[in-house]
There are 2 protein chains.
Amino acid sequence: MQVRKFRITDAVFERSPGQDAEVFAGNVIDQRHGGPVTIGFGRYGPDQSIDELLAVHDTMVVLEGRLTVSTSRVTVTAGPGEIVYMPQGEKVTIRSHEQGAVTAYVTYPHWQEAQG
Amino acid sequence: MQVRKFRITDAVFERSPGQDAEVFAGNVIDQRHGGPVTIGFGRYGPDQSIDELLAVHDTMVVLEGRLTVSTSRVTVTAGPGEIVYMPQGEKVTIRSHEQGAVTAYVTYPHWQEAQG
C-alpha cells in the first residue's frame, strides 16, 4: 500500500447497517486494503438519529454541520473541525441537526469485520 | 474511557519531533488514555516542509489550507475536507503552501511510542 488521498466523491455511500435513518457511510480504506484501520466519510440527513453499540474504536471528524453524541453518562456536540472519540463498547446515540452533517471517520479495528 | 469531544484549542502543540520546521502536533488522545489510537491536531506554518519515515499508520484530515504529500512513487495534494492516508513504513515529505494548514490526525499504533 502507498500514500493515498481521498475526497468525499471517492466514497460509495451505503445506509448505516441495521438502521433506517438517513445516515450513510462510505469506506475509502478498509479490510480489503490490508491495513489496520478503516477510513471513510459519513453523511447524515437533517434531524436524523441512530443508536449504536460500538464494536470498534471510532474517531469522527465533523466536516460540515453538527452532530450530538450521547451516552448514558455524557452528551457532546461537535461542529466543523471538531473531533468526537467514541471508544469500543460505548452505547451511543448520534443525532444530526437541521442542516445535516458530513464526517470523516477512522475505526480500529475494521468496523465491517467487527460487526460480523 | 468514555465519549469525548475535542476542538483545536484542547491541543497542546509541540514542534514535530526531530524537525526545525514550523510544524506542530498536539495530541488530544494518546497512550496515556489506554486506547489503541492517538488522535490530535496538526498545525503547519506557510511553506514548511518535513521529511518523515512513518513509524505508524497515519490518517490526516485537512481542516484548513492545503498539504502536499510526496513519496518516491506518488504525490498528492489535499485541501479542506480531504483525507490523506500514509501507511506505516512509507518515507514521506509533507509540504504546506502559502496559507499554511491545520489537520486532524489519527495514528495506529501510538506515534510517540513507535518513535521510541
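Hello everyone. This is a predicted model, in which local features need pLDDT of at least 70 and side-chain atom pairs count only at pLDDT 80 or more, while totals for chains, interfaces and linings use all residues. Residues are numbered from 1 along each chain as its sequence is written, chains are lettered from A and ligands numbered from 1 in the order in which they are written, and side-chain values use heavy atoms, with hydrogens and water left out.

A search of the whole structure turns up 10 salt bridges over all chains, each being a side-chain nitrogen of Lys or Arg within 4 Å of a carboxyl oxygen of Asp or Glu.

Let me start with R15(B) and E22(B), whose side chains form a salt bridge at 3.3 Å, N to O. Both ends are partly exposed, E22(B) at 36% relative accessible area and R15(B) at 37%. For those words, buried is under 20% relative accessible area, exposed is over 50%, and partly exposed is in between, with a 1.4 Å probe and protein chains only.

Next, D30(B) and R32(B) have their closest N and O atoms 2.8 Å apart in a salt bridge. Here R32(B) is exposed at 63%, whereas D30(B) is buried at 1%.

Now to E90(B) and R73(B), a salt bridge with its closest N and O atoms 2.9 Å apart. E90(B) is buried at 10%, and R73(B) is exposed at 53%.

Finally, have a look at K5(A), R7(A) and E82(B), which are linked in a network of salt bridges.
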